[in-house]
Amino acid sequence: ALKTKVAGFEFDNCIMNASGVLCSDVTSLEKLDQSAAGTFITKTATIEYREGNVKPRYYKYNIGSINSFGLPNMSIDYYLDAVKQFQEKNPNKTYFLSVTEMGEDKIYDILKIVNDSDFEGLVELNLSCPNVEGKPQVAYDFETTERILTEIFKWFKKPLGIKLPPFFDMSHFDQMADIINQFPIAYVNAINSIGNGLIVHDESVAIKPKQGFGGLGGSIIKPTALANVHAWYQRLNPEISIIGTGGISTGQDAFEHILCGASMVQVGTALGHNGPQLFERITQELEAIMTQKGYSEIDDFRGQLQYL
Ligand code: DHB
């Protein structure tokens, strides 16, 4: 009942992990692959291996989380190789590969590596990492985003989605939608963590990098996530799928994201806290809500948010 399509690719379950959580190595990816999730996305890869920021770099409490990992990852070669193995084992399953780089030229470099590979799934370009010191969240710079997308779509041949940071102003949604709608983008994933929050613990910041500033996740960001999903749903060409991410830990949360327009939903903070068996619970809860309301497919209510 939870089957879905993103950019024409079919998935048995519309629920999956959010990039960054439980997806940094083959062992973790194997657990996601074996879980009830529809598929997985890898940790955002860069060209070279990265150690990431100093620890502690993650802190979680009941209503949210803060992180400043700083893009630790095993390198694009590692994830391309890993996903290739899953692809060969499960030729009917589509996987997501997340990539980014610091600086425009290196973004093109990593996408050329992916373009030349035999990866057959969906590529996610992360334009919204808030945790590398001195490097802005690219998508907050509209001109740069437009220039990057213009260049990429001259030669990139694989289906490409983009991971966006949250926006908070209607004119920003308008401006960014005008840019995105110019390109054959496969999907938009909203949202990345709310950048540069700060959590106080005792009389100190809760994490060490960047003097405590880091990306917020978990239940506290759900209203912002839903607003972003729906704002894109209202503005983007209908050919562009929407993935909803932010504040999902129950079937009800997933239902709300889909109602706002998401075709797929991703679980981050709650997955980190509960592990991959969480997908079974969220799946059952979402199916129960749908049964109770008389919906047999997610397309029966996707985007059908009512206004007063
Ligand atoms: C990291 C955090 C993000 O929100 C992101 O999009 C990419 C990387 C990190 O700190 O590792």
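Arg 50 is placed in the loop between helix H1 (26–34) and strand E4 (58–61); helices (H or I, at least four residues) and strands (E, at least two) are DSSP runs, numbered from the N terminus. Residues are numbered from 1 along each chain as its sequence is written. The model is predicted: local features need pLDDT of at least 70, side-chain atom pairs count only at pLDDT 80 or more, and totals for chains, interfaces and linings use all residues.

Arg 50 is partly exposed, because 17 other C-beta atoms lie within 10 Å. A residue is called buried if 20 or more other C-beta atoms lie within 10 Å of its own, exposed if 12 or fewer, and partly exposed in between, with C-beta atoms placed from the backbone. Not counting residues up to four places away in sequence, Arg 50 touches Leu 71, Pro 72 and Asn 73; such a contact requires C-beta atoms, placed from the backbone, within 7 Å. The C-alpha atoms of Arg 50 and Ile 191 are separated by 23 Å, and these residues are 141 residues apart along the chain.

**Backbone exceptions**

Most residues other than glycine have a negative phi, and most peptide bonds are trans. Leu 71, a contact of Arg 50, has a positive phi near 65 degrees. Leu 71 belongs to the loop between strand E5 (64–67) and helix H2 (76–89) and is buried, with 21 other C-beta atoms within 10 Å. Asn 196 also has a positive phi, of about 55 degrees. Asn 196 lies in strand E10 and is partly exposed, with 16 other C-beta atoms within 10 Å.

Two peptide bonds are cis. Lys 55 and Pro 56 are joined by a cis bond with omega of about 0 degrees, and Pro 56 is in the loop between H1 and E4. The bond from Ala 190 to Ile 191 is cis with omega near 15 degrees; Ile 191 lies in the loop between E9 and strand E10 (194–198).

**Ligand shell**

Among the 15 residues around the ligand, Phe 69, Leu 71, Cys 129, Asn 131 and Ser 193 come nearest; a residue is near a molecule if its C-beta atom, placed from the backbone, lies within 6 Å of it. The shell divides into 4 nonpolar, 11 polar and no charged residues. In this classification Ala, Val, Leu, Ile, Met, Phe, Trp, Tyr, Cys and Pro count as nonpolar, Asp, Glu, Lys and Arg as charged, and the others, Gly among them, as polar.

Helix H6 (residues 222–235) has 14 residues. The buried residues of H6 include Leu 226, Val 229 and Trp 232, and its buried residues pack against helix H5 (170–180), strand E9 (187–190), strand E14 (241–245) and helix H7 (251–259).

The largest nonpolar core has 82 residues, and Val 229 is one of those with the most contacts inside it. The largest share of this core, 6 residues, comes from H6. A nonpolar core is a set of buried Ala, Val, Leu, Ile, Met, Phe, Trp, Tyr and Cys residues joined through C-beta atoms within 7 Å. Leaving aside neighbours within four places in sequence, Val 229 is in contact with residues including Ala 190, Ile 242 and His 257.

**Overall architecture**

The protein has 9 helices and 15 strands, and buried residues make up 49% of its 308 residues. Residues 24 or more positions apart account for 73% of the contacts with a separation of 6 or more.

How values were computed
The expected span of a helix is 1.5 Å times one less than its number of residues. Two residues are in contact if their C-beta atoms, placed from the backbone, lie within 7 Å.
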